[in-house]
Amino acid sequence: MIEFSGVWKEFATGGVALKDVSFQVDPAEFVFITGHSGSGKTTALRLAHMAETPSRGHVRVAGHTSPGEREVWKLRRRVAKVFQDFRLLESRTALANVAFALEVTDAPARRITPRAEELLSQVGLEALARTRVSELSGGERQRVAIARALATEPVVLLADEPTGNLDERATRAVMDLFSDIHARGTLVLMATHDLALVRSKPEARVLELDSGTLVYDSGDPSRAAPAARLFDTGGTP
C-alpha cells in the first residue's frame, strides 16, 4: 500500500531531509514514524501525500507513483491527512467543515448533510454538529478534522503529530478513534515524537528516523536491533 524505495529528499538550500529510506507498509498495518525533531518525519508524510516529490528513489502509495504522477487528485481521494493544527474553518460549524469536504468531492447534494452527520457521529460529535469550531476544545476540533478526513473513505490515513496540541485525556480519546478507524480497515501512518504515545500501542509497527536515515523498523528483523536507541535508552526525541 505504501512503498518507499531508496528515497532521498534534498532541498535547494542544501539540506537533506531523507537519506536512502526504504520500507513497505501493508494495508492492514498501524505504523508510527518517530524520531527527534528534524529527523524527517513530516517530510516522509508529505512524500506519502505527494505534497513533495523525492529527489531520488520513488514513493508509491495506493497504486500511485511519485515522481511523474499527474493526477494527484485521484490519490487525495484515497489518501487523507490529519494535521497537528487541525486546519479547520474556525467560523463555521463542525457540520459545515465536514460538509465542505464532501462538496469538493462532488458528492450528491442530497447526501452531503446526512453523510456529514454520520461522520460526526462516528467520531462522537453528533451533539456538537452545529457548534462553531471556534467554540470547541482542542480534542473536539481534532475529531472534526478526522471526520473531515474520512469524508473520502480513504484507504490510507496519514496523521502528522495529531495529538501534539492536546492534553492527556484528549490524546487518549483521539488515539482510541484512530485505533477504531484502523480496525475498520484503514491503514494508519502516524508521525509523532511522543514515545509514551508509541509505547501505549505496542502492537503497532514503529519506524524510527534519525537525521533522515531509517535506523529502526520493528517490522524488519534486519533493522529491529540494536539501532533502536530512543527505545533502549528511554531517551526523549
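A: A term before the rest: buried means under 20% relative accessible area, exposed over 50%, and partly exposed in between, with a 1.4 Å probe and protein chains only. Helices (H or I, at least four residues) and strands (E, at least two) are DSSP runs, numbered from the N terminus. This is a predicted model, where local features need pLDDT of at least 70, side-chain atom pairs count only at pLDDT 80 or more, and totals for chains, interfaces and linings use all residues. Residues are numbered from 1 along each chain as its sequence is written, and side-chain values use heavy atoms, with hydrogens and water left out.

Q: OK. Why is H3 called largely enclosed?

A: Because 7 of the 10 residues of H3 are buried. They are Ala94, Leu95, Asn97, Val98, Ala99, Ala101 and Leu102.

Q: What covers the buried residues of H3?

A: The cover includes helix H4 (109-122) and H5, where contact means heavy atoms within 4.5 Å.

Q: And the loop between H4 and H5, which residue lies there?

A: Thr131 is in that loop. Thr131 is buried, at a relative accessible area of 18%. Apart from neighbours within four places in sequence, Thr131 is in contact with Arg92, Thr93, Ala94 and Leu136. Ala94 is also one of the buried residues of H3.

Q: Which way do they point?

A: Leu187, Leu189 and Ala191 point one way from E8, while Val188 and Met190 point the other way. In a regular strand the side chains alternate between the two faces of the sheet.

Q: Which strands pair with E8?

A: Strand E3 (residues 30-34) pairs with E8 in the parallel sense over 4 bridges, and strand E7 (residues 156-160) runs parallel to E8 with 5 bridges joining them. Two strands count as paired if DSSP finds at least two bridges between them. Phe30 stands opposite Val188 in E8, and Asp160 stands opposite Ala191.

Q: What do E7, H6 and E8 make together?

A: A right-handed β-α-β unit, with helix H6 at residues 168-183. Right-handed here means that, with the strands pointing away from the viewer, the path from the first strand over the helix to the second runs clockwise.

Q: Pockets next. How much space lies in the largest pocket?

A: About 450 Å³. A pocket is an open set of points on a 1 Å grid over the protein atoms alone where a 1.4 Å probe fits, with protein on both sides within 12 Å along at least five of seven lines, and lining residues have an atom within 4 Å of a point. Grid points are joined across faces, edges and corners, and the volume is the space filled by probe spheres set on the points.

Q: Which residues are closest to the centre of the largest pocket?

A: Of the 19 residues lining the largest pocket, the closest to its centre are Ala101, Val104, Arg148, Ala149 and Thr152. Helix H2 (72-76), strand E6 (79-82), helix H3 (94-103) and helix H5 (138-149) each give two or more residues to the lining. By class, the lining of the largest pocket divides into 10 nonpolar, 4 polar and 5 charged. Ala, Val, Leu, Ile, Met, Phe, Trp, Tyr, Cys and Pro count as nonpolar, Asp, Glu, Lys and Arg as charged, and the others, Gly among them, as polar.

Q: And the second largest pocket, how much space lies there?

A: About 290 Å³. Among its 19 lining residues, Thr171, Arg172, Met175, Asp194 and Leu197 are the closest to the centre. H6 and helix H7 (195-199) each give two or more residues, and H6 gives the most, with 6. The lining has 4 nonpolar, 7 polar and 8 charged residues.

Q: Back to backbone. Which phi does Ala62 have?

A: A positive one, near 50 degrees, in a residue other than glycine. Ala62 is in the loop between strand E4 (56-61) and strand E5 (64-66), and is buried at 7% relative accessible area.

Q: What about Asp20, where is it?

A: In strand E2 (residues 16-25). Asp20 also has a positive phi, about 55 degrees, although it is not a glycine. Asp20 is partly exposed, with a relative accessible area of 45%.
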